[in-house]
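Good morning, colleagues. Please have the sequence and the model in view.

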Amino acid sequence: MNLQQIKEKAKDSLLPVCKVCPECNGRACAGKVPGVGGVGTGKSFQNNYEDLARIRLNMTTIHDKMPQMQCNLFGYELAAPIIAA
């Protein structure tokens, strides 16, 4: 399955609740319930989207050493401290 087929399948599955827009900013679905655009005018959803879009992360390291992620938890040696709920 390629990306175009995935998008078409998503539209078939989600319409009319979601328009599967290229950018999920809440404009096309504003005020439609159920939907991700929010209740009423949907302006809160749009404001949250715009505020999150302004955040930029600089993913650089301050040194060239790799941190040691493994840990021992309840007698189990874990390669990374990731545990599913």
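This is a predicted model: local features need pLDDT of at least 70, side-chain atom pairs count only at pLDDT 80 or more; totals for chains, interfaces and linings use all residues.

**Salt bridges, cysteines and surface**

Glu50 has a partner. Arg27 forms a salt bridge with Glu50, and their closest N and O atoms are 2.7 Å apart. Arg27 lies in the loop between α1 (3–14) and α2, whereas Glu50 belongs to helix α2, so the pair ties together parts that are 23 residues apart in sequence. Arg27 is itself partly exposed, with a relative accessible area of 46%.

How many salt bridges are there by this rule? The count comes to two. The other pair is Arg54 with Asp51, where the closest N and O atoms are 2.1 Å apart. Arg54 is exposed, at a relative accessible area of 58%, while Asp51 counts as partly exposed at 40% relative accessibility.

The protein chain contains two helices and two strands, and from the N terminus on the elements run α-α-β-β. Of its 85 residues, 7% count as buried. As for contacts between residues at least 6 apart in sequence, 7% of them join residues at least 24 apart. The accessible surface comes to about 7600 Å², and 61% of that surface belongs to carbon and sulfur atoms.

Leaving aside neighbours within four places in sequence, Gln46 is in contact with Asn25, Gly26, Arg27, Ala30 and Thr41. Arg27, one of these contacts, is the residue that forms the salt bridge with Glu50.

Lys43 also lies in helix α2. With 40% relative accessibility, Lys43 counts as partly exposed. Lys43 and Gly26 are 17 residues apart in sequence, and their C-alpha atoms are 8.1 Å apart in space. Gly26, as I mentioned, is among the contacts of Gln46.

Now to the cysteines. A disulfide is a covalent bond between the sulfur atoms of two cysteines. How many disulfides does the structure hold? The number is zero. For a disulfide, the two sulfur atoms would have to be within 2.5 Å. The two residues also fall into separate accessibility classes: Cys29 is buried, with a relative accessible area of 10%, whereas Cys24 is partly exposed, with 45%.

Finally, the surface. Which residues make the nonpolar surface patch of about 520 Å²? They are Leu52, Ile55, Leu57 and Met59. Ile55 lies in the loop between α2 (43–53) and β1 (71–73).

The salt bridge between Arg27 and Glu50 ties a loop to helix α2, so parts 23 residues apart in sequence are joined. The cysteines form zero disulfides. Thank you for your attention.

Technical notes. Residues are numbered from 1 along each chain as its sequence is written. Side-chain values use heavy atoms; hydrogens and water are left out. Patches are made of residues with over 30% relative accessible area and no salt bridge: like charges are joined within 9 Å, nonpolar side chains (Val, Leu, Ile, Met, Phe, Trp, Tyr) within 5 Å. Accessible areas come from the Shrake-Rupley method with a 1.4 Å probe; for residues, only the protein chains shown count as cover. A salt bridge is a side-chain nitrogen of Lys or Arg within 4 Å of a carboxyl oxygen of Asp or Glu. Helices (H or I, at least four residues) and strands (E, at least two) are DSSP runs, numbered from the N terminus. Contact means heavy atoms within 4.5 Å. Buried means under 20% relative accessible area, exposed over 50%, partly exposed in between (1.4 Å probe, protein chains only).
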